[in-house]
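Keep the structure open as you read.

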Amino acid sequence: MIKLKKLLALTICFALVLAFTGCDKPQEITEDGVIATVNGKPITQEELDMNYEFYIKMNPAVTKEEMLDKLIMDILMVEAAQKNGISVTEEQINDEMQNFKALNNSEEDYQKFLKNNGLTEEFLRGEIEKEFYINHYLTVEMDKFNNPTDENLQAIFDEYKMQEEVRASHILVNTEDEAKAVIDRINDGEKFEDVAKEVSIDGSAATGGDLGYFSRIRMVKPFSDAAFSMEIGDISQPVESEFGYHVIQLTDKKTDESKTIETERETLIQYNTYLKYNEMLDSLKNEADIVIK
């Protein structure tokens, strides 16, 4: 739930954040199966379906629209990597394929993995090649953002009112209908923490959904926007984020005047990297010729 993860872990093919939902949604499939082009490169319905069926097993909240956005961003980052002189050889791909196969006990288990997940070896090789390009590109780009000035950090500290904190609990579910059902149960008199323990898919379910105190930048934006707009005791309407749908209960607010840019330096540096990361991806997207058919 907490947003300030190691950002580079978000970039590889099996864990890239599905953070860009601003593209136009796919409307129809052309006769040749191409549903989008990115700087002239096609994305087919078959490619979208295969990726979607694989990723939805890891994250049931993923939509096909988000999956299409991921495929678009993959193409843009691979192109950016190649423009920056990053290359990958067949030998490197073969080595990574062998490393992946070694995770299975036998060739039979490896083939079973492919079959059970609806994958082909060609698809897997393509994902490994993309992973290599994207990882190396983002490693280089992220290094540029690791030394922000004190002025940069102070600006983030002030903009996000770092001395303000709230305490909240939440219940995380996969769909809006599930979230509405949760709200109905609470409105009918059930205790928030009891419902959280029963239905929440977040790790905080064990403690009744309690997330403790947090600042605005500790949570994804839709969650923080909702929580910091609430009054103590309020129960939110369903709040959608990249993780699913949240029902939030605000339990306390406070001001911690002991916080300064020095005490929060590590968090501010991480958040600065997060902001620069998104700016970089927005720039790639804005400069691209993206056509949804």
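This is a predicted model: local features need pLDDT of at least 70, side-chain atom pairs count only at pLDDT 80 or more; totals for chains, interfaces and linings use all residues.

Q: Is the pair of Phe54 and Tyr55 stacked or edge-to-face?
A: Planes under 30 degrees apart count as stacked, over 60 as edge-to-face. The ring centres of Phe54 and Tyr55 are 5.7 Å apart, and the planes meet at 85°. The angle is over the cut-off, so the pair is edge-to-face.

Q: Is Phe54 buried or exposed?
A: Buried means under 20% relative accessible area. Phe54 has a relative accessibility of 7%. Phe54 therefore counts as buried.

Q: Which residues do ring pairs link into a cluster?
A: The whole structure holds 6 aromatic pairs. Ring pairs also build a cluster, and its members are Tyr160, Tyr271 and Tyr274.

Q: Which element gives the largest share of the largest nonpolar core?
A: This core has 45 residues, and Ile43, Leu68, Met77 and Tyr137 touch the most other members. Elements that each supply at least two residues include strand S1 (34-38), helix H2 (64-83) and helix H10 (265-286). The largest share, 11 residues, comes from H2.

Q: How many residues make up the other core, which includes Val166 and Phe214?
A: This core lies apart from the largest one. Ala227 and Val239 are also among its members, and its size is 13 residues.

Key: Residues are numbered from 1 along each chain as its sequence is written. Side-chain values use heavy atoms; hydrogens and water are left out. A nonpolar core is a set of buried Ala, Val, Leu, Ile, Met, Phe, Trp, Tyr and Cys residues joined through side-chain atoms within 4.5 Å. Buried means under 20% relative accessible area, exposed over 50%, partly exposed in between (1.4 Å probe, protein chains only). Helices (H or I, at least four residues) and strands (E, at least two) are DSSP runs, numbered from the N terminus. Rings of Phe, Tyr and Trp (its six-membered ring) pair if their centres lie within 6.5 Å; planes under 30 degrees apart count as stacked, over 60 as edge-to-face and the rest as tilted.
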